[in-house]
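These are my notebook entries on one structure.

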Amino acid sequence: MTPKTRTTHPTNGRPPTDPAPEGHDHLDRALGNRHLQMIAIGGAIGTGLFMGSGKTISLAGPSILLVYAIIGGFLFFVMRAMGELLLSNLQYKSFRDIAEDVLGPWAGFFAGWTYWFCWIVIGVADLTAVTAYVSYWFPDLPKWVAATSLVVLLLVLNLVTVKLFGEIEFWFALIKIVAIVALIGVAVVMGAGPFEVGVVNAAQFVPYAVLGFFAGVFVDRWPRRTVLVWAGIGRAVSLALIPLLWWLGVLQVWLLVCLLLVFGAFAVFGFAATQSFLPRLVPRDGLVRANARLDQADNTAQTLGPTIGGGLVGVLGAPVALLVDSVSYLAEAALNASLRVDEPRRPRRQARLRTELGEGWRATYRHPTLGPLAVSTHVWFVANGMGLTVLSLLTLRTMGLSAIGYGLLLTTVGFAALLGATLAPGLGSRLGTGWAVIASLVLYPPAWLLVAAAPSAPALLFVAMVLHGFAGGVENPNSLGYRQAVTPDGLLGRVNGIIRSANRTMGALGALLGGAVVGLVGTGPALATVIVLFTFALGIAALSPLRTARLPG
């Protein structure tokens with residue numbers, strides 16, 4: 001019997017034949033949905049968006065964005081229709097096959113060569129644009145070097161395996177998206193209104209929103225002490241390169257932004273590994289006390305750090321101060337490397353990234369006590385991000401508080417948080433972990449009621465910040481210790497990464513919301529919203545099974 005073979009092209013809409021002859025190799029799908037989605041988005045964000053569109057927008061103004069939106073809507077529906085055509089017959093390998101099957105061989109010939117010609121033109125255009133960018137940054141570099149290097153790079157990228165190509169395209173597309181968001185943010189912040197202040201406050205959370213959800217998956221795959229060591233080294237190197245490039249006279253804004261993004265990426269992995277590594281060092285019933293000690297050190301550093309940093313900048317200059325900071329991260333890496341802890345050998349995972357991330361989401365939000373605690377914390381971060389933005393606008397602009405006075409206000413928060421962290425283990429033991437968290441949440445609404453009354457009595461600001469800082473000092477060790485105690489070791493990285501990234505994202509949204517509300521209706525309604533949100537966070541925790549939560553043992 002003659003074996004069935006696969007036809008080269010579909011004809012007249014016939015259904016596909018059998019997949020492949022027996023004994024022949026077949027193709028496996030190596031790209032996940034995240035690869036395909038980011039490749040599509042990255043492909044839409046071409047070089048022209050940064051060069052050609054920039055010129056168009058400068059001539060036509062913001063109205064051109066409406067035209068882009070209309071064209072994009074049409075293209076979306078066209079691409080959806082073409083996608084359905086491809087799925088209607090699984091033997092369609094390209095749009096040329098569709099044209100040949102539906103319209104005839106002449107249409108397939110025309111579509112195929114037109115597609116090839118378009119890519120040749122696009123490739124030359126991109127090559128020209130990239131060469132122009134490189135010439136702007138490095139005017140002494142011959143143009144042929146940049147053009148040749150790009151061609152070689154494109155060749156190498158297309159020679160790698162499909163899976164590696166998908167990963168490279170995924171992260172490059174992500175860089176494009178981050179760059180566009182950053183450009184929009186810079187353009188907006190140049191106005192310096194209330195909303196723009198919120199944008200500035202929100203910008204610090206961007207690395208967590210972009211990388212944090214994925215960082216936890218890799219922290220669960222890799223040895224956590226190793227992640228901590230490399231996170232310290234990465235932050236040290238990225239910081240040290242800033243003064244080095246400055247001394248060489250080649251430091252430019254785009255290089256500074258790239259180094260700060262690299263620093264932030266290493267920080268995301270470092271924090272996820274820190275919160276997941278601690279249960280390997282102390283017993284589960286000692287996690288609140290351990291987190292309280294870490295918070296004491298952190299609050300002390302945040303209280304004294306700005307003063308010491310300002311002194312170093314004044315005496316040694318900013319570049320040397322950055323070098324000192326870089327050395328501190330190297331010291332952190334060395335101390336983490338010296339830890340002698342047996343970590344269980346983690347099996348090589350075959351699951352997809354999306355599957356492992358889903359396991360972390362279920363472990364976080366389907367847990368009877370951890371789920372409400374996580375949601376309450378997310379709402380708290382919205383309120384806190386909004387409150388800090390409103391506080392800066394209220395004190396510095398409305399009340400006319402000096403920079404020194406505002407610094408003393410933040411120092412008060414640090415000292416109060418230090419006191420709260422000191423008392424946190426004892427309160428957790430007496431009240432129970434859940435009630436300690438709920439009791440600390442009770443303090444936030446009255447604290448911000450005092451902030452609302454502060455324009456008529458400025459001293460109330462300091463009382464309010466004492467309550468706010470003390471509540472945070474009590475809540476964080478109990479909340480984090482309970483999360484680490486009830487989460488299985490194999491899921492700690494994902495659970496911590498998901499909660500921390502969601503918290504930072506909610507903080508960014510809160511900062512944007514605070515600036516927008518102040519700009520639209522003023523500080524009074526904005527503070528009222530902050531109080532309502534803090535009360536809502538309290539209600540979520542108080543009405544949940546978290547009331548009965550205690551540390552195991």
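Is glutamate 332 buried, partly exposed or exposed? I found that glutamate 332 is partly exposed, because its relative accessible area is 26%; buried means under 20% relative accessible area, exposed over 50%, and partly exposed in between, with a 1.4 Å probe and protein chains only.

I recorded the basis of these entries. The model is predicted, so that local features need pLDDT of at least 70 and side-chain atom pairs count only at pLDDT 80 or more, while totals for chains, interfaces and linings use all residues. Residues are numbered from 1 along each chain as its sequence is written, and side-chain values use heavy atoms, with hydrogens and water left out.

Entry on salt bridges. I noted that side chains of opposite charge can pair when their charged atoms come close. A salt bridge is a side-chain nitrogen of Lys or Arg within 4 Å of a carboxyl oxygen of Asp or Glu. The structure contains 8 salt bridges.

Glutamate 332 belongs to helix α14 (residues 318-337) and arginine 235 to helix α11 (residues 224-248), so the pair ties together parts 97 residues apart in sequence. Helices here are DSSP runs of H or I with at least four residues, numbered from the N terminus. Arginine 235 counts as buried because its relative accessibility is 6%.

I then looked up aspartate 220, which forms a salt bridge with arginine 494, their closest N and O atoms being 2.7 Å apart. This pair links distant parts of the chain, 274 residues apart: aspartate 220 is in helix α10 (residues 206-221) and arginine 494 in helix α21 (residues 492-521). Both aspartate 220 and arginine 494 are buried. A network of salt bridges links Asp220, Arg224, Arg280, Glu359, Asp489 and Arg494.

Next came arginine 96 and glutamate 100, whose side chains meet in a salt bridge of 3.3 Å, N to O. Both lie in helix α5 (residues 95-102), 4 residues apart, about one turn of the helix. Arginine 96 counts as partly exposed at 32% relative accessibility, and glutamate 100 counts as partly exposed at 23%.

Entry on glutamine 275. I located glutamine 275 in helix α12 (residues 253-277). Glutamine 275 is buried, because its relative accessible area is 11%. Neighbours within four places in sequence aside, glutamine 275 is in contact (heavy atoms within 4.5 Å) with Leu480, Arg483, Gln484, Asn496 and Arg500.

Technical notes
Helices (H or I, at least four residues) and strands (E, at least two) are DSSP runs, numbered from the N terminus.
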